[in-house]
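I opened this notebook to record what I looked up in one model. The entries go from the chain as a whole to one pair of elements.

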Amino acid sequence: MPLRFDLGPFEELHIGRCMITNSRERSQFVVEGDMPILRGKEFLPETAARTPLEKLYHCIQQMYLEEAYDKYQGRYLRLAAECLRNDPRLSAELEAGDQSIRAGDFYRVLKSLKKLIPEDAFQADNLGPSKVARSANYVARVNGWKQRR
């Protein structure tokens, strides 16, 4: 089933290990296929993850986007244990999340954890000077022309 996205100016869309950044005009995308997708407002960079719960969210996010459960399994278990030590009330949410992760439903876990994390953790102004590292050959363009610096 295709997914439709309506991206506002400069909004981001993470598809697997890639990121699409919209231009200054609204755009619509239709994505077909079975790929992990996160909107920019759901994406939490590692530099913005400060609390154990935020770090756990980031770890699960990477599991989802990279489709690499085995790569992050040890880190996931350590962070889940640390979250339980810091706040035992999270036991039910983390247990349900663990069952969903074993079933391969990472996005459902991300949605439930996002409700427990303060919204300001996901805001762009909290992410530092550059929330996404640009590739070495990135060239900023305005109206199709390279910007002069």
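Entry 1, contacts. I count a contact when heavy atoms lie within 4.5 Å. On that basis, residues 24 or more positions apart account for 51% of the contacts in the chain with a separation of 6 or more. I note here that the model is predicted.

I looked up the helices and strands and found 4 helices and 7 strands in the chain. Read from the N terminus, their order is β-β-β-β-β-α-α-α-α-β-β.

The accessible surface of the chain comes to about 10000 Å². Carbon and sulfur atoms hold 49% of that surface.

Two packed helices are described by the angle between their axes and the distance between the axes. I looked up both values for helix 1 (residues 52-66) and helix 2 (residues 69-86). Their axes come within 9 Å and cross at roughly 160°. Angles over 145 degrees count as roughly antiparallel, so helix 1 is roughly antiparallel to helix 2. I also noted the hand of the crossing, which is left-handed.

Which residues of helix 1 meet helix 2? I listed P52, L53, K55, L56, H58, C59, I60, Q62, M63 and E66. On the side of helix 2, the residues include Y69, Y72, Y76, L79 and C83. Sorted by class, the contact of helix 1 with helix 2 has 12 nonpolar, 4 polar and 5 charged residues.

Technical notes: Residues numbered from 1 in each chain as written. Predicted model: local features only at pLDDT ≥ 70, side-chain atom pairs only at ≥ 80, totals over all residues. Heavy atoms only, no water. Axes fitted to C-alpha atoms, helices over the stretch in contact; angles between N-to-C directions. Helix = DSSP H or I, 4+ residues; strand = E, 2+ residues; numbered from the N terminus. Parallel < 35°, antiparallel > 145°, perpendicular 65-115°, else oblique. Left-handed = near helix turned anticlockwise from the far one by under 90°. Nonpolar A, V, L, I, M, F, W, Y, C, P; charged D, E, K, R; others polar. Areas by Shrake-Rupley, 256 points an atom, 1.4 Å probe, with all protein chains shown as cover.
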